[in-house]
Amino acid sequence: MSRNMEHQFSMLVREIRKEFVGNGPKEISTRFIGSWAVSEMRGNLTNIEKFMMNSIDGEKMVHEARTEFVKKIYKDKGVRQRFEELMGAHIVRIFSDIDIEADIAMTVFVFDKPLHSKE
């Protein structure tokens, strides 16, 4: 799959995160591997979340809230449809996590077929 499609996928991830969270990641890169789209995002946390992380309880709250909120975003049928239309494949599963100390999030989108460029 072309770098252009990976870029388009990354921009869609950023757009959706911005739409639901209020800000998108500062850096994002996506790579396609077989039927997987792997997106790595840096600079995800808001200033309020960074402030909350000054305590152990705050770190735990930010991690749990971010993880659950992202899962909820990707359960939305309209959101999933936008990815499926771009890729011409159906999403089977989505895995997502964030390392709040490093401010790096990873999301793996698993599609029902290998990702090929649309001609």
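Analyst: Let us begin with Val21, which is found in helix 1, and keep in mind throughout that this is a predicted model.

User: What makes Val21 count as buried, partly exposed or exposed?

Analyst: The relative accessibility of Val21 is 24%, and the word buried is kept for values under 20%, while exposed is kept for values over 50%. Because 24% falls in between, Val21 counts as partly exposed.

User: Which residues does Val21 touch, if those up to four places away in sequence are not counted?

Analyst: Val21 touches Arg66, Phe69 and Ile73.

User: Which residues of helix 1 and helix 3 meet?

Analyst: On the side of helix 1 they are Val13, Ile16, Arg17, Phe20 and Val21, and on the side of helix 3 they are Arg66, Phe69, Val70, Ile73 and Tyr74. Sorted by class, this contact has eight nonpolar, no polar and two charged residues.

User: How do you know what to call the arrangement of helix 1 and helix 3, parallel or perpendicular?

Analyst: The axes of helix 1, residues 3-21, and helix 3, residues 56-75, come within 11 Å and cross at roughly 115°. Angles of 65 to 115 degrees count as roughly perpendicular, and therefore helix 1 and helix 3 are described as roughly perpendicular to each other. The crossing in which helix 1 passes helix 3 is right-handed.

User: Why is the pair of helix 1 and helix 4 given its own description, and what is that description?

Analyst: The axes of helix 1 and helix 4 come within 11 Å, and they cross at roughly 170°. Since an angle over 145 degrees counts as roughly antiparallel, helix 1 is called roughly antiparallel to helix 4. Helix 1 contributes Met5, Gln8, Phe9, Leu12, Val13, Glu15, Ile16, Glu19 and Phe20 to the contact, and these meet Val79, Arg82, Phe83, Leu86 and Met87 in helix 4. By class, the contact of helix 1 with helix 4 has ten nonpolar, one polar and three charged residues.

User: How many residues does the largest nonpolar core have, and which have the most contacts inside it?

Analyst: That core has 27 residues, and those with the most contacts inside it are Phe9, Val13, Tyr74, Phe83, Met87, Phe109 and Phe111. Helix 1, strand 1, strand 2, helix 3, helix 4, strand 3 and strand 4 each supply at least two residues of this core, and its largest share, five residues, comes from helix 1. Leaving aside neighbours within four places in sequence, Val13 is in contact with Ile28, Ser39, Met41, Tyr74, Phe83 and Phe109.

User: How do you know whether Asp103 is buried or exposed?

Analyst: Asp103 lies in the loop between strand 3 and strand 4, and its relative accessibility is 12%. The cut-off for buried is under 20%, so Asp103 counts as buried. The phi angle of Asp103 is near 55°, a positive value in a residue other than glycine.

User: And why is Ile48 given the word it has, buried or exposed?

Analyst: Ile48, which lies in helix 2, has a relative accessible area of 62%. Exposed means over 50%, so Ile48 is exposed. The C-alpha atoms of Ile48 and Glu84 are separated by 33 Å, and the two residues are 36 residues apart along the chain.

Definitions and conventions: Residues are numbered from 1 along each chain as its sequence is written. This is a predicted model: local features need pLDDT of at least 70, side-chain atom pairs count only at pLDDT 80 or more; totals for chains, interfaces and linings use all residues. Side-chain values use heavy atoms; hydrogens and water are left out. Axes are lines fitted to C-alpha atoms, for helices over the stretch in contact, and angles run from 0 to 180 degrees between N-to-C directions. Helices (H or I, at least four residues) and strands (E, at least two) are DSSP runs, numbered from the N terminus. Angles under 35 degrees count as roughly parallel, over 145 as roughly antiparallel, 65 to 115 as roughly perpendicular and the rest as oblique. A crossing is left-handed if the near helix is turned anticlockwise from the far one by less than a right angle, and right-handed if clockwise. Contact means heavy atoms within 4.5 Å. Ala, Val, Leu, Ile, Met, Phe, Trp, Tyr, Cys and Pro count as nonpolar, Asp, Glu, Lys and Arg as charged, and the others, Gly among them, as polar. A nonpolar core is a set of buried Ala, Val, Leu, Ile, Met, Phe, Trp, Tyr and Cys residues joined through side-chain atoms within 4.5 Å. Buried means under 20% relative accessible area, exposed over 50%, partly exposed in between (1.4 Å probe, protein chains only).
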